[in-house]
Structures are given as structure tokens and as C-alpha cells.
Amino acid sequence: MLLRSLLSGDLREFVITLCLVLPAVVICLTIHECAHGLTARALGDRTAERAGRLTLDPMAHIDPFGFLCMMLLGFGWARPVPVNVSGFRIKNRKLGMALVALAGPVSNLLLALVSYIVALLLTYKVNSDIMFLETLRMFFTYIGILSVGLGVFNLIPVHPLDGSRVLNAFLPYRLQVKMERYQSVILLALIVILYFGLFDLVIEGVDNWVLDLAIRVVRPLL
């Protein structure tokens, strides 16, 4: 996202995009990691709480390289929230881990939905000629786009992304071992997919689905 603005050569557009994308990325990453920690806490594990990760302070969650990827490419990651499955109250600890892992991407999709609803209401209900309101609309739109990118990217079943933990909850142990053995091959395939922009099509499809859902919610209010 920011990379496209930078490559456009328009300095004014780049500065505006930077000012909007920076706080949007912080919000998306913080909510993602908080959702992991809160879900683990709800299941009985207090590891994240003791580590100070049940906070909206972005400095507790941000991974520098993942943050940079979010800024430039529209998808990335944060510092993994520590989880101890032995603290779960439920017997099926693999399922508990899957729920904790899913909490991050699900929170991002919900955040995207709410952000798009706000952006649409600002589009149809207010005077877009007012610069502040138009800037606010763009800000919520960026949150929606980035939140979808973060959520979908983290569902990829490659360690240490959330998708690998979700997949492990349903795979027999011997298949988990095989998956771990071929992690480097899977990672290489992922790099190729990212390089040729095929992953952008997946993100765009999910983004359009969330936006369409937001339109359906907003339409009765217009």
C-alpha cells in the first residue's frame, strides 16, 4: 500500500498515505495480538497477562520487520503472544490453541467490517467536501484494507503464523511432523506466491466480501 504510493513519485500523496497508514497499522496489529491474549485468558491461561500482553500499548506487540511489511505491502505480523496450553480449562488443548490462533484473524475481519461500515456512513451521510471528514473516511478505509490483509495473511498454515496452529489442531501427529519437515518448501512456495502477486488476489477477494457485507449492513440506514 505505502510502497505503491512511494513508487508513484507523488511526494504529497506519499506523506498523506504515510500519516494515515501508520496509525492504522498500529491499530490492526494491536487488536490482533490483544485478541490472542484475551482468548487465552478466557480459556484459563494467564501467560500473556503476566507478560504484559493484554494491553493496547502497541510497543508491547510490534515486531519491527512485520510492522514494516504491513506498512509497505499491506500484510505482516506482530510479536507472537506467549501461550501455555497447560493452563487451559478445556481438555482438548489443541482445540484451545486453535481458538487462540483464530482469535487474531477473526478480530481483524470484524475490525475491517466495522471500519468499512463507518467509512460508508461517512461517505453517504456527511458532506465529503469537509476535509476532516474526508480524511477520516480514508483513515477507516485504510484500517479495513490493512485489517483484512493482516487477518488473511496470518491464516496461511506456515509456522509461526496463526494458520499453522489452527491446522495442527486437526492434523494427526504424523502429518504435523511431515508438515514441519517441509516447512522450508512451503515457505519457498509462499515467497513465490507473494512475488507473483497471487496472494493479492486472495486478499482482494476477502476484502470485497467484507466490504459487500458492510454495504448490506449500511444500506437500511441510508
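Student: Over residues 58-78, what are the helix and strand percentages, and how far apart are the end C-alpha atoms?
Tutor: Residues 58-78 are 48% helix and 0% strand, with the end C-alpha atoms 10 Å apart. Helices (H or I, at least four residues) and strands (E, at least two) are DSSP runs numbered from the N terminus. This is a predicted model, in which local features need pLDDT of at least 70, side-chain atom pairs count only at pLDDT 80 or more, and totals for chains, interfaces and linings use all residues. Residues are numbered from 1 along each chain as its sequence is written, and side-chain values use heavy atoms, with hydrogens and water left out.

Student: Which residues does the UniProt annotation "transmembrane region" cover?
Tutor: The unreviewed UniProt entry gives 14-38, 58-78, 99-119, 139-161 and 182-203. UniProt positions are in the numbering used here, feature names are shortened, and annotations may be inferred rather than shown by experiment.

Student: What about 139-161, in helix and strand terms?
Tutor: That stretch is 65% helix and 0% strand, and its end C-alpha atoms are 27 Å apart.

Student: Which residues of α6 are buried?
Tutor: They include Phe139, Tyr142, Ile143, Leu146 and Phe153. Buried means under 20% relative accessible area, exposed over 50%, and partly exposed in between (1.4 Å probe, protein chains only).

Student: Changing topic: how many disulfides are there?
Tutor: The structure holds zero disulfides, a disulfide being a pair of cysteine sulfur atoms within 2.5 Å.

Student: Is Cys69 buried or exposed?
Tutor: Cys69 is buried because its relative accessibility is 13%. Cys19, at 52%, is exposed.

Student: Where is Asn92?
Tutor: Asn92 lies in the loop between α4 (64-73) and α5 (93-125). Its relative accessibility is 43%, so Asn92 counts as partly exposed.

Student: And how far is Asn92 from Ala169 in sequence and in space?
Tutor: Asn92 and Ala169 are 77 residues apart in sequence and 9.2 Å apart in space, C-alpha to C-alpha.

Student: Last topic: which helix does Leu198 lie in?
Tutor: Leu198 lies in α10. Leu198 is partly exposed, because its relative accessible area is 45%.
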